[in-house]
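Morning, everyone. Please look at the model first.

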Amino acid sequence: MGQYEDTFSLLRKGRTSQLLREGLAAYYHALSHVYGEVAYYSKLETVRYSCYALSGRYEGLLLSVLDRRTAAYKEALCHSLFAKGHYHETLHICDKWGRIVDDRSREYAMVAYYRFLIHIALGDVRQVTYWVARSTVSDITHAVMNQGSLWTLAGMLSGKDIDRSYRYIRFSWTC
């Protein structure tokens with residue numbers, strides 16, 4: 001919600017020496033995420049650069065404490081590889097990740113969303129549409145209020161089917 005100083009203040013109070021593996025993973029994930037958010041929204045190049053570096057540092061720490069066989073590890077690895085532009089490797093990890101989560105689960109929506117992003121980067125329009133639709137259906141099925149996939153799908157349709165695009169945006173806005 002943009003309250004980064006409050007978030008950093010709370011996170012600085014964390015005592016990692018008292019955390020078990022799962023707690024450390026949550027802590028590193030939170031730090032990586034918040035630094036990534038600050039970097040993404042910052043208008044200052046120096047802030048963006050340093051925050052992306054810190055986000056990557058905590059992402060590395062996160063990967064070091066997660067069990068490599070888990071969905072959480074595969075999600076973090078997908079995020080890391082995608083951010084570095086390693087799209088084919090990310091796709092390979094998404095395949096493994098998708099095999100260990102139920103394709104009707106909320107976790108699978110994230111697999112679908114990453115596949116959507118990868119195919120955008122690779123320029124595979126047919127796959128882009130398929131995976132954004134899969135992510136959208138999962139978001140709606142799981143009553144996710146942040147329906148970024150539906151907004152994206154509506155945007156993709158805006159030049160082709162304006163009525164349908166409008167219905168999607170209105171549905172998402174209502175949620």
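Start with α3 and α4: they are roughly antiparallel to each other, a label for angles over 145 degrees, while under 35 counts as roughly parallel, 65 to 115 as roughly perpendicular and the rest as oblique. Their axes come within 10 Å and cross at roughly 150°. Axes here are lines fitted to C-alpha atoms over the stretch in contact, and angles run from 0 to 180 degrees between N-to-C directions. Helix α3 spans residues 45-65, and helix α4 spans residues 71-83. Helices are DSSP runs (H or I, at least four residues), numbered from the N terminus.

This is a predicted model: local features need pLDDT of at least 70, side-chain atom pairs count only at pLDDT 80 or more, and totals for chains, interfaces and linings use all residues. Residues are numbered from 1 along each chain as its sequence is written, and side-chain values use heavy atoms, with hydrogens and water left out.

Which residues meet? From α3, Glu 59, Leu 62 and Leu 63. From α4, Tyr 73, Ala 76, Leu 77, His 79 and Ser 80. Contact means heavy atoms within 4.5 Å.

Now the rings. The structure holds 10 aromatic pairs, meaning Phe, Tyr or Trp rings (six-membered ring for Trp) with centres within 6.5 Å; planes under 30 degrees apart are stacked, over 60 edge-to-face, the rest tilted. Phe 8 and Tyr 35 form a tilted pair, 4.7 Å centre to centre with 45° between the planes. Phe 8 is in helix α1 and Tyr 35 in helix α2, so this pair ties together parts 27 residues apart in sequence. Both Phe 8 and Tyr 35 are buried (under 20% relative accessible area, 1.4 Å probe, protein chains only; exposed is over 50%, partly exposed in between).

Note on methods
Helices (H or I, at least four residues) and strands (E, at least two) are DSSP runs, numbered from the N terminus.
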